[in-house]
Amino acid sequence: MLDSIPTGLWINGEQQAASGERTFPVRNPANGEILAEVADAQPEDGIRALETAARTQAVWAATPARRRSDILRRAWELVIERSDDFAMLMTLEMGKPLAESYGEVNYGAEFLRWFAEEAVRINGRYTQSPSGAGRILVTKEPVGPTLAITPWNFPLAMGTRKIAPALAAGCTMVVKPAAETPLTMLLLGEVMCEAGLPEGVLSILPTTQAETLTSPLLDDDRLRKVTFTGSTGVGKLLLQRAAKHVLRTSMELGGNAPFIVFADADIDAAVEGALAAKMRNGGEACTAANRIYVDNVVKDDFTSKLTQHMQSLKVGRGDLAGTQVGPLITSRQRSTVAGLVDDAVTKGATIMTGGRHVAGQGYFYEPTVLADVPHTAKILREEVFGPVAAIIGFDGEAEGIAAANDTEYGLASYIYTESLDRALRVSSALESGMVGVNRGIISDVSAPFGGIKESGLGRESGAEGIEEYLETKYIAFR
Ligand code: NAD
């Protein structure tokens, strides 16, 4: 199957070699083996892609919305038709179990369908000045050529969540996928061509030189927007660069999600929710429950039940039947996870299960539960991005809320309670862009996804998603 997967740069509707014919290997994190050699885009390739995007922008913006919509809708159908290829590719290059890859294929494809539907509903408004002095027409126009930079943890969905609204709005786009997982995005490039996307609207440029490739694009005044999903550190750097030409920005950055279990929660449901919020994608998700706060009244019961579930998870290669937890993305990521566990234990946390590398090939780490994690532990400050559940006890609602908000991040939060009053009160007090109430999975194509504080700017998906790619213009009539 890998023989038929594109490995060149997508520029101008065709696959191209990178300047100097440079390539880099993409590896399978389950065994370290090379899956493919992929074109390694150089800065001059980036400029070529931006030139194409700038040249095509006006034509694409003037393409009837129905046509843009039909292309996106067709792309959704094609991704679904090729679910097996997409799912296997994601499992091979990213490591997640095949069942989760199929889940991402559906979720990632859904953005194409959703924004196909939004493309034909880009409305402005008409009103009159209260003084009677004038008439006011408000229109929406595409922002213009956009640069998208995506992470490795959801190789398809983090791309389509940007590509679909941009194309629907009439923007052209240059995408730089993560070097760890470029194959899924290159296959999407093929699908977009097959769906009828005109040449030059979308370019896809894998590279090992993220900063060297993207800096000249951010310095070029033909670019009008940068949309980024990744770590807060890189997001801050891009915001500084974006200041040069005052670019529009969308930033989906890191998280440090609290998962709060109150004394009145249904504990079995909370354990199930914690398992989903923690272990989806092996813990490598920005929405992952990073800090599990449990009221001391129910803490022992919750901890022992979560531990039992975590112990029973089957770790292994994502393409083998029955696997529930795959490898981490790189050996470096596994060392980071191990370092955070060791730090917590040194400072007084107790390992209930796990806490070790899995011997053998690949970057596997045991599903781990840490109890009584002290407030000084780094794991409560930094994203663990791995299969480690850190449990901390608290006394009463006020203490739970204060602990949850004690972070510079503000992406997702989760609460478990049987009280509607408390659910509403605590949701409003939590400093995060999204709150799950008695739910461990919150991502939804129809909902505005995004964070506050240092977790980001702007919202993706939902009715809000397309606004990120539209400018508002006010036209005054006498
Ligand atoms: P990362 O910031 O290291 O990399 C993300 C992307 O940025 C990659 O494509 C990378 O090549 C590129 N990049 C890195 N340095 C760059 C630079 N100097 N200039 C330009 N591009 C650069 O993050 P990652 O390790 O790939 O992904 C994990 C992070 O992403 C986590 O912090 C996670 O929380 C976050 N994330 C956020 C969301 C969200 O929606 N908020 C979703 C998924 C992941």
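**Note on the ligand site and the domain contact**

1. The ligand has 29 residues around it, and Thr150, Ser231, Leu253, Cys286 and Glu383 come nearest. A residue counts as near if one of its heavy atoms lies within 4 Å of the molecule. This is a predicted model, in which local features need pLDDT of at least 70 and side-chain atom pairs count only at pLDDT 80 or more, while totals for chains, interfaces and linings use all residues. Residues are numbered from 1 along each chain as its sequence is written, and side-chain values use heavy atoms, with hydrogens and water left out.

2. Polar atoms at the ligand. Arginine 161 places a polar side-chain atom 2.9 Å from an oxygen atom of the ligand. For lysine 176, a polar side-chain atom lies 3.0 Å from a ligand oxygen atom. Glycine 230 uses its backbone: a polar atom there is 3.4 Å from an oxygen atom of the ligand.

3. Domains. Domain 1 covers 2-253 + 454-477, and domain 2 covers 257-444. These bounds come from an automatic or database domain assignment. Taken over C-alpha atoms, the domain centres are 31 Å apart. Domain 1 brings 27 residues to the contact and domain 2 brings 29. Contact here means heavy atoms within 4.5 Å.

4. Interface. How much area is buried between domain 1 and domain 2? About 2,200 Å², with carbon and sulfur atoms giving 58%. Buried area is the accessible area (1.4 Å probe) that two parts lose on being put together, summed over both. Between the two domains there are 0 salt bridges, but 9 residue pairs are in polar contact, both residues at pLDDT 80 or more. A polar contact is a pair of N or O atoms within 3.5 Å; within protein, one must be able to donate a hydrogen and the other to accept it, and residues adjacent in sequence count only if both atoms are side-chain atoms.

5. Domain 1 side. Helix H3 (83-94) and helix H4 (98-119) each supply at least two residues of the side that touches domain 2. H3 gives the most, with 5 residues. Helices are DSSP runs (H or I, at least four residues), numbered from the N terminus.

6. Salt bridges. The whole structure holds 29 of them. The criterion is a side-chain nitrogen of Lys or Arg within 4 Å of a carboxyl oxygen of Asp or Glu. One joins the side chains of arginine 48 and aspartate 45 (2.8 Å, N to O). The two are about one helical turn apart, because they are 3 residues apart in helix H1 (residues 43-62).

7. Glutamine 311. This residue sits in helix H10 (residues 299-312). Leaving aside residues up to four places away in sequence, glutamine 311 touches Met352 and Thr353.
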